[in-house]
Amino acid sequence: MTNTPPETGPTTAWSKDHRTPDPDPTRGAGPRTDWAAGGTLFAGVLMLVSGCLGVLNGIAAIANDDVYGRIGDYVYAFDLTTWGWIHLVIGALVAVTGWGVLRDKDWARGAGIGFGALYVVEYFLFLPYAPVWSVISIGIGVFVIWALASEHGRAPNPGAAKPA
């Protein structure tokens, strides 16, 4: 005599009837969410604008050393012409990468995270020269890194469940 459980009627929440065939969007295999797409678009625009402003800041610092106030003893005190070249090069790289993000290029997302981190470090070191703009720029860089790193809709996760 075997004891079999009686039929209880409706199936449980984990049964086949309640599973959706769509992939789980929290695992990176689902459709692009509005937050991720909007954040990535905004990050691309911020990178393009911030990069162009960095180029202009660099040109101004190279052309005229009176643009930024001189500070006393600071560990990372470079010549203002050197800071101008740093802003010019990093600004151009960030602007080009921002354009790539807006064009949805594959290389731009990873490069954007890397150049965003470089951008944050640059403005941290530049903090004594322009404190208000440096804090704003650090915030922009952190947002860009977050937006590009949190976009789940681009590449599916190989470990995600495949629809049947």
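Figure 1. Apart from neighbours within four places in sequence, Ile145 is in contact with Ile113, Gly116, Ala117 and Val120, where contact means heavy atoms within 4.5 Å. Ile145 belongs to helix α4, helices being DSSP runs of H or I with at least four residues, strands being runs of E with at least two, and both being numbered from the N terminus. Ile145 counts as partly exposed because its relative accessibility is 24%; the classes are buried under 20% relative accessible area, exposed over 50% and partly exposed in between, using a 1.4 Å probe and protein chains only. Residues are numbered from 1 along each chain as its sequence is written. The model is predicted, so that local features need pLDDT of at least 70 and side-chain atom pairs count only at pLDDT 80 or more, while totals for chains, interfaces and linings use all residues, and side-chain values use heavy atoms, with hydrogens and water left out.

**Figure 2. The largest cavity and its lining****.** The structure holds two cavities of 30 Å³ or more, and the largest has about 60 Å³ of space. A cavity here is a set of points, on a 1 Å grid over the protein atoms alone, where a 1.4 Å probe fits but cannot get out, and lining residues have an atom within 4 Å of a point. Grid points are joined across faces, edges and corners, and the volume is the space filled by probe spheres set on the points. The lining consists of Leu46, Met47, Ser50, Val94, Phe115, Gly116, Tyr119, Ile140, Gly141 and Val144, with two or more residues given by each of α1 (34-63), α3 (106-125) and α4 (131-149). These lining residues divide into seven nonpolar, three polar and no charged, where Ala, Val, Leu, Ile, Met, Phe, Trp, Tyr, Cys and Pro count as nonpolar, Asp, Glu, Lys and Arg as charged, and the others, Gly among them, as polar.

**Figure 3. Helix α2 and Trp99****.** Helix α2 (residues 80-102) has 23 residues and reaches 32 Å from its first C-alpha to its last, close to the 33 Å expected at 1.5 Å a residue, the expected span being 1.5 Å times one less than the number of residues. Among the buried residues of α2 are Leu80, Trp83, His87, Ile90, Val94 and Val101. Trp99, which also lies in α2, counts as partly exposed because its relative accessibility is 49%. Trp99 and Val45 are 54 residues apart in sequence, yet their C-alpha atoms are 7.8 Å apart in space.

**Figure 4. Asp104 in the loop between α2 and α3****.** Just after α2, Asp104 takes a positive phi of about 60 degrees, in a residue other than glycine. Most residues other than glycine have a negative phi. Asp104 counts as partly exposed because its relative accessibility is 40%.

How values were computed
1 Å grid on protein atoms, 1.4 Å probe; cavity = no way out; pocket = protein on both sides within 12 Å on 5 of 7 lines; lining within 4 Å.
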